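Work through the following exercises with the sequence and the coordinates open beside you. Each task is followed by a solution that goes step by step.

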Amino acid sequence: MTERIGYITRVQSFSACHRLHSLRLSDEENKEVYGKCNNPYGHGHNYKVEVTVRGKIDPVTGMVMNLTDLKRSIEEVIMIPLDHKNLDKDVPYFADVVSTTENLAVYIWDNMAKALPASLLYEIRIHETDKNIVVYRGE
C-alpha cells in the first residue's frame, strides 16, 4: 500500500501585549526602527496562530496525529504562557529577545517541537493583523 502524507492545521487565537524595543539599540534608534510599536506603554494584538503538522497517515487510525493531542499541546505551549499576557514581562524568553512576531513564531516553534512527536511539526503561521502574517518552518 502506498504511504500517504497528510497535513493537519489547527488554528488558535490569543490576545497579548508587547513593546518592540531592543536592548542593543539606543532609545532614539528604537524609536526610529519600531516607530509607534516602541510606545513605552506597549500595545496589544489579537493573534491568530496556525500550527501545521505533517506526517504519514496511519493506515489503522487514518490520522497523522490525534487532534486531541495537538489541541492539548497548543493549550500548554500557546494559551497558558501567552494568552492575556505581557510578552515582554510575563514570558522569560522575551526578557532579552525582541517580541516581534518573527521571534514569537520561533518561540512557539521551539516549544511545540518539544511537545509533539519528533519531526511532525511542519509550520507555524501567525497572523498579527489581517495584513501582517509571519511563517516559520524551523529554518
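Helices (H or I, at least four residues) and strands (E, at least two) are DSSP runs, numbered from the N terminus. This is a predicted model, in which local features need pLDDT of at least 70 and side-chain atom pairs count only at pLDDT 80 or more, while totals for chains, interfaces and linings use all residues. Residues are numbered from 1 along each chain as its sequence is written, and side-chain values use heavy atoms, with hydrogens and water left out.

**Exercise 1.** Locate Ser 22 and determine whether Ser 22 is buried or exposed.

Solution. Begin with the position: Ser 22 sits in the loop that joins strand 1 (5-18) to helix 1 (27-34). Next, Ser 22 counts as buried because its relative accessibility is 9%, where buried means under 20% relative accessible area, exposed over 50%, and partly exposed in between (1.4 Å probe, protein chains only).

**Exercise 2.** Find which residues Ser 22 touches, not counting those up to four places away in sequence.

Solution. With contact defined as heavy atoms within 4.5 Å, the residues are Asn 30, Tyr 34 and Val 98.

**Exercise 3.** Describe the setting of Cys 37 and of His 84, which UniProt lists, in an unreviewed entry, under "active site".

Solution. Cys 37 belongs to the loop between helix 1 and strand 2 (43-56), and is partly exposed because its relative accessible area is 23%. His 84, in the loop between helix 2 (67-82) and strand 3 (85-86), is exposed, since its relative accessibility is 64%.

Key:
UniProt positions renumbered as here; feature names shortened; annotations may be inferred.
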